[in-house]
Amino acid sequence: MKVTVHFFARARDLAGRETVSYEVASNTTVQELRRQLEILHPALAGILPRCALAVNNGFVKDAASIPPDAEIAVLPPVSGGVR
Amino acid sequence: MIQLTREVIDIARLTDCVRRSDCGAVVIFLGTVRDFTDGKITVALDYDAYPAMAEKKMAEIEQETRRLWPIGDMIMVHRLGHLEVGKTSVAVAISCPHRGQAFEACQYAIDRLKELVPIWKKENWADGTTEWVHPELEKK
């Protein structure tokens, strides 16, 4: 099945691209995709464990299966700021 | 109401949008681009968002805020793109019957926005270098 991955902020700079489509096995989980992204983009290895992965605009558990044609977003931590 | 924009945030218009005859208080928070962070001089910030999710999260924050305080009306606007020092990057305008409620609700809304909404900023330092701001990534 196909998934589309969008990278943001520092993850985009490190991946060197905004959007990539991948062919992955059916029922691939978020956790498995995370590992595959680390292998495909070694530059991301340092930050990927601390990025959130959103699936179709929502947060899901790492054990969740990704539906076909999902839109995945790699979201580094937001700046938050000092209150 | 929530909005992401690449245009200048019009404060007077926001104020008028939330004014209501049954509300005696309007509180507005403006986030502006600061010139000095961690001992370094900033000339500008670039804001980037994941728009679909940012709008969804902002709408959820509006709903939460409306559940917790007697809001007359509220608007949250975040500007994206390249903003120089002093420019307004984010605004929250809220009307309530009384000022205490309006202050509390406005603080709650901006704090939640900063915590939850996928919007990032990149420092443009005075020495010409740039750096995405991800404080959680710098922690060991």
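1. Start with Asp22(B), which sits in the loop between helix H1 (11–18) and S2 of chain B. Is Asp22(B) buried or exposed? It has 9 C-beta neighbours inside 10 Å, so Asp22(B) counts as exposed. Bear in mind throughout that this is a predicted model.

2. Now look at what Asp22(B) meets from elsewhere in the chain. Leaving aside residues up to four places away in sequence, Asp22(B) touches Gly72(B) and Pro97(B).

3. Next, helix H3(B). The buried residues in H3(B) are Gln101(B), Ala102(B), Ala105(B), Cys106(B), Ala109(B), Ile110(B) and Leu113(B). Why do these residues lie on the same side of H3(B)? Around the axis they cover an arc of only 150°, which puts them on the same side of H3(B).

4. What do the buried residues of H3(B) pack against? Their partners in chain B are strand S2 (25–32), H2, strand S5 (73–79) and strand S7 (88–96).

5. On to the contact between the chains. Chain B puts in 19 residues and chain A 17 residues. On the side of chain B that touches chain A, helix H2 (51–68), helix H3 (99–116), strand S8 (119–125) and helix H4 (135–138) each supply at least two residues. That side of chain B is made up of 11 nonpolar, 1 polar and 7 charged residues. Note that H3 of chain B turns up here as well as in the packing described above.

6. Last, two backbone details in chain A. Some background first: most residues other than glycine have a negative phi. Asn27(A) is not a glycine, but its phi is positive, at about 65°. You'll find Asn27(A) in the loop between strand S2 (19–23) and helix H2 (30–40) of chain A. Asn27(A) counts as exposed because it has 11 C-beta neighbours inside 10 Å.

7. Asp69(A) is the other one to check. Its phi is near 60°, again a positive value in a residue other than glycine. Where is Asp69(A)? Look in the loop between strand S4 (58–59) and strand S5 (71–75) of chain A. With 11 C-beta neighbours inside 10 Å, Asp69(A) counts as exposed.

Conventions: Residues are numbered from 1 along each chain as its sequence is written. Chains are lettered from A and ligands numbered from 1 in the order in which they are written. This is a predicted model: local features need pLDDT of at least 70, side-chain atom pairs count only at pLDDT 80 or more; totals for chains, interfaces and linings use all residues. Two residues are in contact if their C-beta atoms, placed from the backbone, lie within 7 Å. Helices (H or I, at least four residues) and strands (E, at least two) are DSSP runs, numbered from the N terminus. Ala, Val, Leu, Ile, Met, Phe, Trp, Tyr, Cys and Pro count as nonpolar, Asp, Glu, Lys and Arg as charged, and the others, Gly among them, as polar. A residue is buried if 20 or more other C-beta atoms lie within 10 Å of its own, exposed if 12 or fewer, and partly exposed in between; C-beta atoms are placed from the backbone. The arc is that of the directions from the helix axis to the C-beta atoms.
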